[in-house]
Amino acid sequence: MVVNHQSLSNQSSSISTGQLYIVATPIGNLQDISPRAVAVLKQVDRIAAEDTRHSGHLLKQLDINTHCIALHEHNERQFAEKIIQQIKEGSNIALISDAGTPLVSDPGYFLVKLAHQEKIPVTPIPGPSALIAALSAAGVATDRFCFEGFVPSKGGPRKTFYAQRQKEPRTMVFYETPHRIVESLKDLCAQLGEQRTVVLARELTKTFETIRNDNAKSLLEWVKEDTNQQKGEIVLVVQGYRAPQGDTLSEETEHTLRVLLNELSLKQAVKLTVDITGEKKKKIYNFALEIKDSAQC
Ligand code: SAM
């Protein structure tokens, strides 16, 4: 793969007019803001923020004096139209959220959609997100994953939510709140099984950062006993469904099959996987079908 890295000395931090910038900000540690994010936030005409008081604190620490305007979820459509008008008149606007990457369980969707409809350039300034930070350190498969946002807050919908994901083969990432973590893990145990690997990623990039990879039952016991684990911000990373032993493939065989399926026809991928691993053809074939089916969902 050829990556076109601009060297730091070559990089220009100047911005063009009439653009919308989507700027990621830290999820805890201020040092995670990128120099490019700071440059853009300093140069734009206005910063649209979820909570101007909250963001004001961050901007002050970064010595950014750009005027901030409030984007609330309840006025997003109305707000988006106003912002788009300002961009059309030549302004540059940056969108930030309270923490992390805007639009990841945060507002901004209508604004970005409208910008595209109006042929306004939308430029992402990538950076922290709790989702990717948790996933990168979780120690579960990352070749395929799905992000499911917040787990439902009420018991009934939460049980259904987990039950519907019992056979999801991809790694799943959820956002959860501290005061519901115990009940949520209880439901997860009941619906996905006590032996399912779950990672609790808490207070990422902050002083009390905790990342624990364990089976669902042990994790629940630990969180119940140590009430500190019921505080702060939480991401849950859950291993995808694995067929019961006997029908299952080793991690290496499954990886080989998945890689080959990305490049070859099902027939060729199955044949090569059998040749490479010595596994039974029927077993590999059935798995290949399952992988293809779930990819079409
Ligand atoms: N846009 C953000 C992002 O890119 O991660 C997410 C915003 S969402 C409203 C807030 C949720 O993200 C929290 O309730 C928690 O589940 C997760 N989160 C945010 N910061 C976190 C952190 N430092 N550690 C763990 N989880 C975090």
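In which loop is Thr177 found? In this predicted model, in which local features need pLDDT of at least 70, side-chain atom pairs count only at pLDDT 80 or more, and totals for chains, interfaces and linings use all residues, Thr177 is found in the loop between β7 (171–176) and α7 (181–192). Residues are numbered from 1 along each chain as its sequence is written, and side-chain values use heavy atoms, with hydrogens and water left out. Helices (H or I, at least four residues) and strands (E, at least two) are DSSP runs, numbered from the N terminus. Thr177 counts as buried because its relative accessibility is 16%; buried means under 20% relative accessible area, exposed over 50%, and partly exposed in between (1.4 Å probe, protein chains only). The C-alpha atom of Thr177 is separated by 8.6 Å from that of Val151, 26 residues apart along the chain.

The protein has 11 helices and 10 strands. Its C-alpha trace spans about 65 × 50 × 35 Å along the principal axes. Of the 297 residues, 43% count as buried. Contact means heavy atoms within 4.5 Å. Among contacts between residues at least 6 apart in sequence, 70% join residues at least 24 apart.

The domain assignment gives domain 1 (15–128), domain 2 (131–238) and domain 3 (245–296), with bounds that come from an automatic or database domain assignment. The C-alpha centres of domain 1 and domain 2 lie 29 Å apart. To their contact, domain 1 gives 6 residues and domain 2 gives 10 residues. The size of an interface is often given as the accessible area lost when the parts come together. Between domain 1 and domain 2 the area buried is about 500 Å², and carbon and sulfur atoms give 63% of this area; buried area here is the accessible area (1.4 Å probe) that two parts lose on being put together, summed over both. On the side of domain 1, the residues that lose the most area to domain 2 are Ile27, Val104 and Ser105, together 75% of what that side buries.

Two residues that are not glycine have a positive phi. Most residues other than glycine have a negative phi, and most peptide bonds are trans. For Leu103, phi is positive at about 75°. Leu103 is found in the loop between β4 (93–96) and α4 (109–117), and it counts as partly exposed because its relative accessibility is 33%. For Asp63, phi is also positive, at about 60°. Asp63 lies in the loop between α2 (52–61) and β3, and it counts as exposed because its relative accessibility is 53%. Between Asp63 and Ile27, 36 residues apart in sequence, the C-alpha to C-alpha distance is 18 Å.

Strand β3 (residues 67–70) holds His67. His67 is partly exposed, because its relative accessible area is 49%. Leaving aside neighbours within four places in sequence, His67 is in contact with Asp45, Arg46 and Ile47. His67 and Leu249 are 182 residues apart in sequence, and their C-alpha atoms are 56 Å apart in space.

Val198 is found in strand β8 (residues 197–202). Val198 counts as buried because its relative accessibility is 0%. Beyond neighbours within four places in sequence, the contacts of Val198 include Leu185, Leu188, Arg212, Asn213, Asp214, Ala216 and Leu219, as well as Leu236, Val237 and Val238. For Val198 and Val237, 39 residues apart along the chain, the C-alpha atoms are separated by 5.8 Å.

Helix α9 (residues 251–263) and helix α10 (residues 266–277) have axes that come within 9 Å and cross at roughly 150°. Axes are lines fitted to C-alpha atoms, for helices over the stretch in contact, and angles run from 0 to 180 degrees between N-to-C directions. The crossing of α9 and α10 is right-handed; a crossing is left-handed if the near helix is turned anticlockwise from the far one by less than a right angle, and right-handed if clockwise. From α9, Thr253, Thr256, Leu257, Leu260 and Leu261 meet Leu266, Ala269, Leu272, Thr273, Ile276 and Thr277 in α10. The residues of this contact divide into 7 nonpolar, 4 polar and no charged, where Ala, Val, Leu, Ile, Met, Phe, Trp, Tyr, Cys and Pro count as nonpolar, Asp, Glu, Lys and Arg as charged, and the others, Gly among them, as polar.
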